[in-house]
Amino acid sequence: MRSASDLDSAIRDVPDFPKPGILFKDITPILGDPDLFKASLDLLAATAGDTKIDKVVGIDARGFIFAAGVAHILGAGFVPVRKKGKLPWTTHQMAYSLEYGEDVVEIHADAIKPGEKILLVDDLLATGGTAAASIKLLKALDADIVGISFLIELADLKGREALGQPDVHSILTY
Ligand code: AMP
C-alpha cells in the first residue's frame, strides 16, 4: 500500500492558479494513478475509525471524487453539497464569504435523516469557509457529524479554527 508521503510526492504545486498569489495543489496526478488513488481513499476512509457511517457528504466539486470512493469503502451512502442552482429538489441553502463577495452551498432537504452519522469529505481545507457552510447545512438537518476529513490542509490559513468542530482530520498538512 502506498503511504501519505507517496501522495505528497505526487501532488503538483501550480503557482498563480487560478489567480496570482495562489499556490494551487493539483491532485489530478493522484487520481490518475490507481495505487495512489486507492491509498488516498483508504486513508480518508480510515478517519471514520470504528464508527458506522450512514452517509459520506462530499463538497462540490473535487470533494465528490473522494467522498464517493470513501462512501463505497465504508458501505455508506453519498450525499452531495453543491454550489447554488445545481440541485433539482427542495434544498437548504447557506451563504458564505469569499475573498470578494459571497457564494452559496446547498443540500437536498431530504438527503439526511435526523441523527444519521455523517463523515464530511473535501479535497482541501484552506480558509474553511466552504466546509463551515457545509457543516451549518448538516446541523440544520440534525445530522450527527462524526468527522470532517480532508486530503490536504493548508495550516497557515487556520481553516481548522473556522470549522469549530472537534474531529477534523487531514491526511497531508502544508
Ligand atoms: P476554503 O473554503 O477556503 O477552505 O476553500 C476550500 C476549497 O477551495 C476546496 O474545496 C478546494 O477545492 C479549493 N482550494 C482552495 N485553495 C486551494 C489551493 N491552494 N489549491 C487547490 N484547491 C484549493
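The shell of residues around the ligand divides into 5 nonpolar, 4 polar and 4 charged ones. Keep in mind as you look that this is a predicted model. There are 13 residues around the ligand, and those that come nearest are Arg62, Asp122, Thr127, Gly128 and Thr130.

Two of these residues reach the ligand through their side chains. A polar side-chain atom of Thr130 lies 2.5 Å from an oxygen atom of the ligand. Asp122 likewise places a polar side-chain atom 2.8 Å from a ligand oxygen atom. With Leu23, look at the backbone instead: one of its backbone N or O atoms lies 2.9 Å from a nitrogen atom of the ligand. On its own, the ligand has 490 Å² of accessible area, and the protein covers 82% of it.

Now step back to see where the ligand is held. The ligand sits in the largest pocket.

Is Asp26 buried or exposed? The relative accessible area of Asp26 is 11%, and a residue counts as buried when this value is under 20%, so Asp26 is buried. The side chain of Asp26 also has a partner within the protein: it makes a polar contact with the side chain of Arg12, at 2.7 Å.

Notes: Residues numbered from 1 in each chain as written. Predicted model: local features only at pLDDT ≥ 70, side-chain atom pairs only at ≥ 80, totals over all residues. Heavy atoms only, no water. Near = heavy atom within 4 Å. Polar contact = N/O pair within 3.5 Å; in protein donor to acceptor, adjacent residues only side chain to side chain. Areas by Shrake-Rupley, 256 points an atom, 1.4 Å probe, with all protein chains shown as cover. 1 Å grid on protein atoms, 1.4 Å probe; cavity = no way out; pocket = protein on both sides within 12 Å on 5 of 7 lines; lining within 4 Å. Sits in = over half its atoms within 2 Å of the grid points. Nonpolar A, V, L, I, M, F, W, Y, C, P; charged D, E, K, R; others polar. Buried < 20%, exposed > 50% of the residue type's maximum accessible area, 1.4 Å probe, protein only.
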